[in-house]
Amino acid sequence: MVRGGPVLRRWTVDTGIALAVLVAAEIAIAAGNEDGSVDRDWFAYLLGVAMAAPLLLRRRYPTAVLYAVSAVLLLFYALDYPGFPPALVLAVPLYDATRAGRLWWAMPVPVFFLAVGAVVLIAHREMPPLTLLAAFLPQATTLAVAMLLAALMRSRAAYAAEVRHRLNQAERERELEAQRLVTEERLRIARDLHDTVGHAIATITVQSAAALRLLDAEPERAREALVSIRGTGKAALAEMRATLGQLRSDGRAGPAAPDLHGRRAQEQNTGLHRLPELLAAVRAAGLPVVPHSELSGERLPAALDEVAYRIVQESLTNVLRHAGPAARAEVLLQAAPDSLCVEVRDDGVGAGAGGTPSGGRGLIGMRERVEALSGRFEAGPRPGGGFRVRAILPRTAPEGMPPAREALEGGAR
C-alpha cells in the first residue's frame, strides 16, 4: 500500500492531464473554422485522441511523447483540417522534455511549428506581418513559458538533491567524527589505566621488597613501607574508579561532547597539583627525586596539566622499574609564553636506565599524549649515563587545573 500510493497518484495526475488536453483538443477541433480547409470528420477527432493519449507515458518517455504528439499534430495540419493553436497540445510535452533535461531535443519542435506556420500564412494566406505577429506571439509566449518553467523546476530539483546530498554527507562525517572521538577516548582511557596501574604496581613492588628486607631488623621502617603501600593502592583504586566512571559517563553523554580530554582530567582531578603525592610515593619506594620548576603560578589548561602529570608519573615509574636501586631522578618544569617543557631524567644504570624495555607501552603512550596536543616528544639515553624524557607541550588547551608551582614546591618540601 505504501509503495503503491505514489504510483497511483502519478497515474491519476497523468490521466487527468491527458484528459484535459484531450478535451481542449476536441473542443478546438470542433470549433475550428478556417477558409479553404477540409471539413472535419471522425478521423480529425481520432487524431485529437492520438495527440492526448501519449501523455499517459509523459514521465517515462518525455522526448518520445513530445515527438509523437508533434507527429500527430503535423499530420492533422497536413490533412488540411481547420487549424488550432499548436501550444494547446505541445505545452505539456515540451514542459516534460525540458524538465527531463532534453532541452536541445525539445527546442526544434516549437521552432519548426512556428516557422512553418508563419511561412504558410504569409505565402498562401498573405497575412500582414502585424496580424501574423499578433497571432503567433501568444503561442510563442505560451511555449516559452512552459519551457522556462520546466527549466526552473529542474534547477530547483537539482538544488534540492544537492542539499540532500550535502546533508547526508555531513551526517556521515558527523558519524565518522563521533566514531573517531570514541576511539580516541578509549585510547586515552587505556593510557590512563596503563599509567595508573603500572605506576602503582611498580611502586608497590619496590616498597614491598623494602618492607620484607626491613621487617625483622627495622620493624618501624617496614611499617612505614606497608603504610605507603596501602596509600598507593588506595590512590590507584580511586583513580581507576574515576577513569572507569568517566568511560561510563562518556557512553551516556555521547562522543561529540567538547573537550573530553580536559573534562576527564577535571573530573578525575588529575594534574600537576597531585605531584606532591606522586613524589612522596616514589621517595617512599626508595627513589630520590629532586623537583625544579620555573612555573609562575598561572593556571594551566586542563588537558596540558593532565598530560604533564602523566609524563612525570610514567617516567618515574620507568625509573623505579629499570634504573636500578642507586638511581636518582630529577623533574624539571620550564615555562615559556606559549609552551611548557616537562623533563624527567635519571642517572640509573639498569636495563635501558629509565627507559622502557622492548615491547613496552610507556614511551609509546607518552608520545601519543604529547602528539595529541601537537607537542614534541624526545626520549633516550643521556650521554653521561641514565635516561631522559622531554616533552614540549603548547598552551593551546582550554582552561583547566590549579597552579602547578605550588604543587611542585609542596613536593619539594
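This is a predicted model: local features need pLDDT of at least 70, side-chain atom pairs count only at pLDDT 80 or more; totals for chains, interfaces and linings use all residues.

Me: Which percentage of the residues in the chain is buried?
Reply: A residue counts as buried when its relative accessible area is under 20%. The chain has 413 residues, and the buried share of these is 41%.

Me: What percentage of the accessible surface of the chain belongs to carbon and sulfur atoms?
Reply: The accessible surface of the chain amounts to about 22,300 Å². The part of this surface that belongs to carbon and sulfur atoms is 62%.

Me: Among contacts between residues at least 6 apart in sequence, what percentage joins residues at least 24 apart?
Reply: Here a contact requires heavy atoms within 4.5 Å. Of the contacts between residues at least 6 apart in sequence, those joining residues at least 24 apart make up 75%.

Me: Are H3 and H4 roughly parallel or roughly antiparallel to each other?
Reply: Helix H3 covers residues 62–78 and helix H4 covers residues 87–99, and their axes lie 8 Å apart at an angle of about 160°. An angle over 145 degrees counts as roughly antiparallel. H3 and H4 are therefore roughly antiparallel.

Me: Which residues of H4 make the contact with H3, and how many residues of that contact are nonpolar?
Reply: H3 contributes Pro62, Val65, Leu66, Val69, Ser70 and Leu73, while H4 contributes Val89, Leu90, Pro93, Leu94, Asp96 and Ala97. By class, the contact of H3 with H4 has 1 polar residue, 1 charged residue and a nonpolar count of 10.

Me: Is the crossing of H11 and H12 left-handed or right-handed?
Reply: Helix H11 (residues 302–322) and helix H12 (residues 362–372) pack with their axes 10 Å apart, at an angle of about 165°. The two helices are therefore roughly antiparallel. Their crossing is left-handed.

Me: How many charged residues does the contact of H11 with H12 have?
Reply: On the H11 side the contact is made by Glu306, Val307, Arg310, Ile311, Glu314, Ser315 and Asn318, and on the H12 side by Gly362, Met366, Arg369 and Val370. By class, the contact of H11 with H12 has 4 nonpolar and 3 polar residues, and its charged residues number 4.

Me: Why are H10 and H11 roughly parallel to each other?
Reply: An angle under 35 degrees counts as roughly parallel. Helix H10 (residues 275–284) packs against H11 with axes 11 Å apart. H10 and H11 are therefore roughly parallel, the angle between them being about 0°.

Me: How many nonpolar residues are in the contact of H10 with H11?
Reply: From H10, Leu275, Leu278, Leu279 and Val282 meet Tyr309, Val312, Gln313, Leu316 and Leu320 of H11. The contact of H10 with H11 has 1 polar residue and no charged ones, and its nonpolar residues number 8.

Me: Is aspartate 14 buried or exposed?
Reply: Aspartate 14 belongs to helix H1, residues 4–31. Beyond residues up to four places away in sequence, aspartate 14 touches Leu55, Leu56, Arg58 and Arg59. Its relative accessible area is 3%, so aspartate 14 is buried.

Me: What is the relative accessible area of aspartate 80?
Reply: Aspartate 80 is located in the loop between H3 and H4. Although aspartate 80 is not a glycine, its phi is positive, at about 65°. Aspartate 80 is partly exposed, with a relative accessible area of 31%.

Me: Is serine 374 buried or exposed?
Reply: Serine 374 sits in the loop between H12 and strand E4 (376–381). Its phi is near 65°, a positive value in a residue other than glycine. A residue over 50% relative accessible area counts as exposed. Since its value is 64%, serine 374 is exposed.

Me: What separates the C-alpha atoms of alanine 391 and glutamate 378 in space?
Reply: Alanine 391 lies in strand E5, residues 387–394, and is buried at 0% relative accessibility. Its contacts beyond four places in sequence include Ile311, Val370 and Phe377. Alanine 391 and glutamate 378 are 13 residues apart in sequence, and their C-alpha separation is 6.3 Å.

Technical notes
Residues are numbered from 1 along each chain as its sequence is written. Side-chain values use heavy atoms; hydrogens and water are left out. Axes are lines fitted to C-alpha atoms, for helices over the stretch in contact, and angles run from 0 to 180 degrees between N-to-C directions. Helices (H or I, at least four residues) and strands (E, at least two) are DSSP runs, numbered from the N terminus. Angles under 35 degrees count as roughly parallel, over 145 as roughly antiparallel, 65 to 115 as roughly perpendicular and the rest as oblique. A crossing is left-handed if the near helix is turned anticlockwise from the far one by less than a right angle, and right-handed if clockwise. Ala, Val, Leu, Ile, Met, Phe, Trp, Tyr, Cys and Pro count as nonpolar, Asp, Glu, Lys and Arg as charged, and the others, Gly among them, as polar. Buried means under 20% relative accessible area, exposed over 50%, partly exposed in between (1.4 Å probe, protein chains only). Accessible areas come from the Shrake-Rupley method with a 1.4 Å probe; for residues, only the protein chains shown count as cover.
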